Amino acid sequence: MVTLTIDGQVVTVPADYTVLEAAEAAGIRIPRLCYLKDVSQTGSCRVCVVEIGGRLQAACVFPVSEGLEVKTNTPMVRESRRTTVELLLSNHPQDCLTCLRNQTCELQKLAQELNIRQVSFEGERTHFPIDLSSPSIIRDPNKCILCRRCISVCSEIQGVDILAARERGFDTVVSPAWQEELANTACTNCGQCVLVCPVGALTEQDDTEKVWAALADPDTHVVVQTAPAVRVTLGEEFGLEPGTVVTGKMITALRRLGFDAVFDTDFSADLTIMEEANELLQRLNDGGKLPMITSCSPGWIKFIEHQFPSLLDHLSTCKSPQQMFGALAKTYYPRKVGLDPAKIVTVSIMPCTAKKFEAERPEMRSSGYQDVDIVLTVRELARMIKEAGIDFVNLPDGEYDAPMGISTGAGLIFGATGGVMEAALRTAYEVVTGKTLAKLDFTDVRGLEGIKEASVDLDGTVLKVAVAHGLGNARKVMELIQQGKAEYHFIEIMACPGGCIGGGGQPIPTSTEIRQKRIEGIYAADRDMPLRKSHENPAIKVLYEEFLGEPLGEMSHKLLHTSYTPRLKYRTAAPCKDQEQLAGNA
Amino acid sequence: MAVYRLHVLVCAGAGCVSSNCKAVEAALQDELEKAGIAEEVKVVETGCIGTCDLGPLIVVYPEGVFYQRLTPDDAREIVNEHFVKGRIVRRLLYRPAEDAEPVALTADMDFFRRQYRIALRNTGVIDPEVIEEYIARDGYAALGKVLSTMSPEQVIDEIKRSGLRGRGGAGFPTGLKWEFAYKAPGDEKYVVCNADEGDPGAFMDRSILEGDPHSVIEAMSIAGYAIGAKQGFVYVRAEYPLAVERLTKALNQAREYGLLGENIFGTDFSFDIEIRVGAGAFVCGEETALLTSIEGKRGEPRPRPPFPAVKGVFGKPTLLNNVETYANICPIILNGAEWFAEIGTEKSRGTKVFAIAGDINNTGLVEVPMGTTLREVIFDIGGGIPKGKKFKAAQTGGPSGGCLTEEHLDISMDYESLTQVGSMMGSGGLIVMDENTCMVDIARFYLDYTKDESCGKCTPCRVGTTRMLEILTRLTEGKGEEGDIEKLETLARNIKASSLCGLGQSAPNPVLSTLQHFREEYEAHVRDKRCPAGQCLALIQFFIEPELCRGCGLCIKVCPENAISGNRREPHEIDVELCVKCGACQERCPFDAIIRR
């Protein structure tokens with residue numbers, strides 16, 4: 001511990017604190033812009049300057065030391081902060097009124113906080129093309145303030161390394177190598193960059209207009225599915241605490257928006273467990289490829305396709321819950337209710353930007369149509385609810401429609417890291433042993449630790465499992481597999497830190513603390529569910545009886561399973577069949 | 001061993017190489033063969049001798065006769081007259097002024113006479129590609145002394161007591177830096193040499209690497225021994241191919257001789273050096289950006305603390321000094337700290353190499369004791385301002401420094417004095433400007449440079465220097481507005497205070513110091529739309545003085561716009577509407593009748 005003085009206050013803090021952290025501990029909030037806790041600490045924006053020994057230092061990177069004297073509010077400090085922000089504004093398109101991040105923009109907030117009433121400097125502005133190539137993410141470098149959070153999250157946390165600073169001085173721009181378009185890179189579409197962008201330089205592709213159009217079309221039957229993680233985060237867009245479970249309000253809101261049927265991705269998550277647990281057991285019994293790795297997360301899928309194309313056979317062939325749902329929504333569902341599948345529009349509400357890419361994959365048309373037509377992130381849905389004038393917070397609770405709205409707690413916990421694993425274990429244990437699980441909670445696989453391990457005794461057979469979230473952690477696990485050092489049978493991997501509750505389509509901000517609260521919301525909702533094991537879902541039982549036959553059966557194979565596409569790392573995102581090129585990829 | 005009657009040193013610094021010294025050397029060799037005295041005269045290629053605008057040049061020993069601005073055609077005369085008959089070729093000697101008597105010997109030339117060469121002790125004297133020549137001049141004796149008789153603590157103590165300070169610009173006490181790196185915990189440490197010389201006009205580091213590479217290698221090995229490092233890096237810019245080539249050769253020779261690599265001099269001490277070639281970003285001369293670049297990343301500065309001595313290359317304790325600093329180490333070890341400390345001023349010991357350029361008669365590299373006055377450097381060594389013009393200012397410290405004016409001519413050139421008057425030592429670039437220089441335009445020139453070289457990481461430097469340049473450009477184009485000077489001052493103050501690294505922190509200096517000393521020039525640009533020095537084209541017009549014009553018609557011939565008219569033998573006139581201010585007429589006029597105002 002060291003003791004220092006900040007604005008006359010004596011503060012004692014751990015020796016590894018920065019001045020910014022120490023000030024926070026003393027109740028002094030230093031304005032900041034590029035700094036983002038747990039993500040980025042580059043000292044590049046120079047907004048958080050404080051006076052130390054008569055000189056300005058960036059508080060976010062300046063380490064505390066014994067006896068340090070810090071002044072956070074002096075004329076020199078105030079002038080510097082204002083000048084810096086004015087300089088940023090002098091090269092920023094001031095189109096706040098129509099910017100997607102209006103009112104959630106950190107630069108806007110900062111200008112207000114620093115009482116900036118005019119921009120004293122003007123001059124040349126940077127002009128770069130807007131990158132609209134990706135189905136998931138829009139990149140507008142003209143709005144970029146070069147805080148570099150996106151670079152930090154993409155390279156250091158996700159280990160994907162798509163974004164970097166290019167050129168220098170005033171011409172500096174954050175972009176993929178060779179100024180390639182995002183869609184032409186190994187970008188996984190995970191959207192973590194969008195979550196950390198303080199301004200409107202990185203945003204999701206907005207598909208709300210497509211949904212409005214479908215809803216307005218009297219000839220279509222618009223079906224919506226909501227991903228497990230959405231119900232614990234949507235409330236944040238309306239001022240509710242992170243982790244608040246708003247399932248009922250969300251259902252009501254969707255109905256008021258005009259969806260013809262409101263279903264739950266938890267239903268197809270349960271179905272995923274039926275297929276995936278059986279696939280695992282089959283691989284264990286038949287000497288199939290192990291460890292088997294989950295395939296629910298489209299960011300993760302694209303990551304492994306680019307980075308470890310030789311290990312694709314480790315992936316479960318199960319489609320993600322979104323895509324299983326889509327395939328059934330245009331086959332099973334219309335048959336059951338007597339509709340023309342050609343008239344069905346399937347919309348999904350996802351915590352994820354990569355799901356937009358996934359829905360467009362050519363493999364995802366097993367119903368004979370594009371299985372999932374439109375994917376909205378949580379943020380887009382919130383915008384629609386706001387535009388429709390729906391008073392979300394005061395909505396009465398609604399209920400999902402049958403049959404594809406019936407689900408269990410096992411499907412619900414897919415939304416948190418470790419959830420798929422836990423759901424699979426709940427089913428695998430009972431299927432293998434024939435016994436009833438005494439304790440449903442597999443706490444070893446829960447929580448925000450990067451890589452988690454557990455062993456489960458399935459009546460004498462010890463099943464070794466691992467869970468990784470965040471692609472940086474995924475890479476570590478994959479390298480173990482590559483080196484033959486991964487002694488696991490089953491691995492769950494989610495692209496985003498924290499799993500889907502931390503997905504790139506979730507409300508902004510998404511921080512470690514917020515992720516934690518959302519996770520708590522997920523497990524609280526699971527506890528309240530009457531059914532908590534996928535194989536006990538009555539609607540799933542009926543589905544197999546009426547339509548699919550049995551897990552891994554012929555119909556399942558056609559509708560619920562898929563294959564993967566090797567891709568190269570650089571300058572292309574297209575599938576690659578050239579073995580030599582792929583070998584060079586490693 | 002062969003004994004030679006004469007040694008001919010051919011300067012083969014990069015400047016002379018570009019002015020084709022190799023052809024002169026070949027012609028000399030050829031003529032020697034023809035004259036049959038090739039066995040008696042040894043021709044040696046050396047590093048930079050210092051008088052760069054006099055090249056190609058040679059110095060003939062034992063006397064030290066200095067021949068300048070040679071062409072291959074001069075070789076025959078030099079060989080036949082001087083080498084064979086012993087008669088000095090007067091027409092090829094140096095003349096301090098057009099009408100002055102020629103000076104034959106380097107020892108009599110003011111340029112050399114007033115220098116004190118420590119860092120440059122071997123450049124221009126030895127063949128940098130022959131390790132024996134370095135050894136003959138006490139090379140590797142310091143390393144031998146250190147390894148056989150001194151402990152690391154003693155080495156550090158010696159450097160500390162010498163008072164040597166960093167020659168790269170900031171002037172941090174070198175011994176203290178060594179001590180920090182020595183005391184920093186860690187098994188793996190690195191010694192780095194900053195040879196990313198980026199200040200426009202400064203080339204002392206290049207000259208040392210080209211002319212005396214072993215002095216840097218030896219010093220880095222000593223540093224390695226002192227701080228406990230086994231690996232060194234020389235970070236040298238790609239624009240210095242000759243330095244890279246000679247350093248590479250020197251490294252190989254040193255390894256071959258057991259002076260580098262495993263078990264140097266048969267001791268337990270092992271040390272080796274790798275060259276890292278930079279891609280030419282000015283910011284990579286900043287220490288943290290340099291280290292980041294060595295790691296293979298985009299060369300961008302990182303916040304300090306942690307300082308490189310604690311967390312440098314690859315996160316390990318790292319000692320970073322510049323080329324000229326290293327070049328001072330071996331003489332200190334051999335002659336003792338006291339010897340070195342006696343040279344220079346109380347706080348700035350030793351010597352400093354300056355690269356003098358601009359409006360000055362003798363451009364080139366000079367090494368003088370710290371504390372030498374600006375007047376001595378410019379007028380005594382540099383030979384003053386050409387064409388009898390008045391001295392206006394001198395820029396020290398390159399684009400990060402500031403300008404000194406006539407009132408500063410007698411200040412002592414040392415770290416403190418220069419900083420006190422708003423400039424800095426920097427790496428030793430010294431650009432001299434005469435009365436025709438517009439100080440607003442000079443500030444604009446330097447900002448244009450730093451703005452281009454900003455890495456783009458931090459806001460004040462990235463956007464701020466651009467905004468400053470825009471204002472300065474506006475002023476020089478006659479579009480200045482009331483309040484522009486104040487805006488410049490606000491920007492300068494804040495960029496200086498809040499930028500992440502030294503580049504941004506010093507980028508506004510040229511503006512601040514010109515504002516301090518020549519504020520009235522700025523005001524004239526803004527208020528009167530006038531450039532007092534007559535340089536800013538938008539603010540001047542060309543006129544013909546009728547009294548001086550003889551009506552020769554030459555200006556009419558060169559004017560590309562047909563803007564000049566007049567009858568022969570009568571004063572001509574310029575049509576200011578047509579004139580594009582190219583200046584061709586002024587250059588051509590034999591009577592200095594065309595003026596700009």
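**Close-up views of a predicted two-chain model**

**View 1. The largest nonpolar core of the predicted model contains 177 residues.** Ala59(A), Cys150(A) and Val465(A) have the most contacts inside this core. Neighbours within four places in sequence are left aside here, and Cys150(A) is then in contact with Leu163(A), Val174(A), Cys193(A), Val196(A), Cys197(A) and Leu202(A).

**View 2. Chain A is assigned three domains: domain 1 (2-90), domain 2 (126-204) and domain 3 (208-560).** Between the C-alpha centres of domain 1 of chain A and domain 3 of chain A the distance is 42 Å.

**View 3. An open sheet in chain A is built from 4 strands.** Their order is β12-β17-β16-β15, and the pairing is mixed. Which strands form the edges of the sheet? They are β12 (292-293) and β15 (451-458) of chain A, each of which pairs on one side only. The partner of β12(A) is strand β17 (residues 490-494) of chain A; the two run in the parallel sense and pair over 2 bridges. In this pair, Ile293(A) is found opposite Ile491(A) of β17(A).

**View 4. Domain 1 of chain B touches domain 2 of chain B.** The domain assignment of chain B lists domain 1 (6-113), domain 2 (131-341), domain 3 (351-434), domain 4 (439-528) and domain 5 (541-596). The C-alpha centres of domain 1 of chain B and domain 2 of chain B are 34 Å apart. Domain 1 of chain B gives 6 residues to the contact, and domain 2 of chain B gives 6 residues. On the side of domain 1 of chain B that touches domain 2 of chain B, 3 residues are nonpolar, 3 are polar and none is charged.

**View 5. Chain B meets chain A through 26 residues from chain B and 28 residues from chain A.** On the chain B side, the elements that give two or more residues are α17 (439-453), α18 (459-476) and α19 (484-498) of chain B. Which element gives the most to this side? It is α18(B), with 8 residues. Sorted by class, the residues of chain B that touch chain A comprise 9 nonpolar, 8 polar and 9 charged.

Note on methods: Residues numbered from 1 in each chain as written. Chains lettered and ligands numbered in written order. Predicted model: local features only at pLDDT ≥ 70, side-chain atom pairs only at ≥ 80, totals over all residues. Domains from an automatic or database assignment. Contact = placed C-beta atoms within 7 Å. Nonpolar A, V, L, I, M, F, W, Y, C, P; charged D, E, K, R; others polar. Core = buried A, V, L, I, M, F, W, Y, C linked by C-beta atoms within 7 Å. Buried ≥ 20, exposed ≤ 12 C-beta atoms within 10 Å, placed from the backbone. Pairing = 2+ DSSP bridges.
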